[in-house]
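This briefing covers one chain, with points grouped by topic. Please look over the sequence and the structure first.

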Amino acid sequence: MAERAALEELVKLQGERVRGLKQQKASAELIEEEVAKLLKLKAQLGPDESKQKFVLKTPKDFDIAGNFDPMIPDAECLKIMCEILSSLQIGDFLVKVNDRRILDGMFAICGVPDSKFRTICSSVDKLDKVSWEEVKNEMVGEKGLAPEVADRIGDYVQQHGGVSLVEQLLQDPKLSQNKQALEGLRDLKLLFEYLALFGIDDKISFDLSLARGLDYYTGVIYEAVLLQTPAQAGEEPLGVGSVAAGGRYDGLVGMFDPKGRKVPCVGLSIGVERIFSIVEQRLEALEEKVRTTETQVLVASAQKKLLEERLKLVSELWDAGIKAELLYKKNPKLLNQLQYCEEAGIPLVAIIGEQELKDGVIKLRSVTSREEVDVRREDLVEEIKRRTGQPLCVC
């Protein structure tokens, strides 16, 4: 019991360290290393027999003997990732894939000591940010790897391509003799066949430098990055790194199973914060405001005691399918109403005043250009639809 209590305390402290690093926005490499330590501690801790046991379930078509195709879920995850990134319209992207078994096999045949696999892996993962010479200097100068071993690694990790590269490496006299690497290459070849059937193989690149430092990955790993396009006026280079990532982690969930059963798992995550930063930066470059509402028009008043008239007009617009709103104050100042539209990104303001009521018109104001025009009340709905791109009424 005392030993378990000590382990639980270590898990608690390590968990607090990981949360602290995330709050401090520490480097992704450091966070990944500390997360890996936390997972190892949890694995040592094992299940708490005093708590209610849970049963891990696998899909009905999963056969523990391995009579299933493991690459179908991986291909489906990549398909989902591509669909999500395409729908966000944040620009062209590329999904880089690799396999931890290929990496481990490559390190083995190049002569990397087992104890240095993970630290060399983290160096290789920096190739998308720095040159090969800088990576090599780190491996040799800081991590004590022999220069000739680093050169052999360099011959592999600077390669990228499609299924043709997979087939080329399957014929590699050294790599193909490593059992782990051979399994990974065969699975990747099958994966590319499915990606072609899904119609997304042109978005996928086999990249031998992709390492993803987390220890719990056991097979295919992938990471989506935005492709740099010529900067528009006022735009700065987008240095946000990957916008989505994932992979296969067949050994992770089984850590928490009392019987230690193997549970196949594959998943992906989308970098929401990074995507937000991209969208915000592009809007700033275009001098556009982020809309916080779908409202198309604000019904406003120019004088006091016109709440009933505002309510009548907003009701008419709602009935016509216009997304409209009004401020709830009885007598809001016109300036405050206009400022609200600017802050929320509402494009139009329908202004009611005493003179407008007498003339049977509504003053329609464009928030961006500040131009105003008097529109007959019976024509207001059609004018708003015309300006907002809605289908006009055919009578």
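A cavity here is a set of grid points where a 1.4 Å probe fits but cannot get out, and its volume is the space filled by probe spheres set on those points. The model is predicted. In it, the largest cavity holds about 30 Å³ of space. The chain has 395 residues, of which 41% are buried.

**Overall fold**

- The secondary structure of the chain consists of 14 helices and 11 strands.
- Among the contacts in the chain with a separation of 6 or more, 65% are between residues 24 or more positions apart.

**Cavity**

- With a threshold of 30 Å³ or more, the count is 1 cavity.
- The lining of the largest cavity is made up of Leu338, Glu342, Arg365, Val367 and Arg370.
- By residue class, this lining has 2 nonpolar residues, 3 charged residues and no polar ones.
- Arg370, one of the lining residues, is placed in the loop between β10 (361-366) and β11 (372-376).
- Although Arg370 lines the cavity, this residue counts as exposed because its relative accessibility is 53%, and the cut-off for exposed is over 50%.

**Aromatic pairs and a charge over a ring**

- The structure contains 3 aromatic pairs.
- One of the pairs joins Tyr216 and Tyr249 in an edge-to-face arrangement, with 5.9 Å from centre to centre and 75° between the planes.
- Tyr216 belongs to the loop between β3 (204-207) and β4 (220-226), and Tyr249 to the loop between β5 (242-248) and β6 (266-270), so their pair ties together parts that are 33 residues apart in sequence.
- Tyr216 has a relative accessible area of 23% and is therefore partly exposed.
- Tyr249 is also partly exposed, at 21% relative accessibility.
- Tyr216 and Tyr249 belong to one aromatic cluster together with Tyr217.
- Elsewhere, the charged end of Lys203 sits over the ring of Phe93, at 4.6 Å from the ring centre.

- Glu325 is part of strand β8, which spans residues 324-325.
- Is Glu325 buried or exposed? Glu325 is buried because its relative accessible area is 18%, and the cut-off for buried is under 20%.
- Beyond its neighbours within four places in sequence, Glu325 is in contact with Thr293, Thr295, Val297, Leu298, Val299, Val314, Tyr340 and Ile346.
- The C-alpha atoms of Glu325 and Ala300 lie 9.0 Å apart in space, while the two residues are 25 positions apart in sequence.

- Lys25 is a residue other than glycine with a positive phi, near 55°.
- Where is Lys25 found? Lys25 is in the loop between α1 (2-23) and α2 (28-45).
- Lys25 has 73% relative accessibility and so counts as exposed.
- Arg370 is not a glycine either, and its phi is positive at about 65°.

Note on methods. Residues are numbered from 1 along each chain as its sequence is written. This is a predicted model: local features need pLDDT of at least 70, side-chain atom pairs count only at pLDDT 80 or more; totals for chains, interfaces and linings use all residues. Side-chain values use heavy atoms; hydrogens and water are left out. On a 1 Å grid over the protein atoms alone, a cavity is a set of points where a 1.4 Å probe fits but cannot get out, and a pocket is an open set with protein on both sides within 12 Å along at least five of seven lines; lining residues have an atom within 4 Å of a point. Ala, Val, Leu, Ile, Met, Phe, Trp, Tyr, Cys and Pro count as nonpolar, Asp, Glu, Lys and Arg as charged, and the others, Gly among them, as polar. Rings of Phe, Tyr and Trp (its six-membered ring) pair if their centres lie within 6.5 Å; planes under 30 degrees apart count as stacked, over 60 as edge-to-face and the rest as tilted. Helices (H or I, at least four residues) and strands (E, at least two) are DSSP runs, numbered from the N terminus. Buried means under 20% relative accessible area, exposed over 50%, partly exposed in between (1.4 Å probe, protein chains only). A charge sits over a ring if NZ of Lys or CZ of Arg is within 6 Å of the ring centre and within 35 degrees of the ring normal. Contact means heavy atoms within 4.5 Å.
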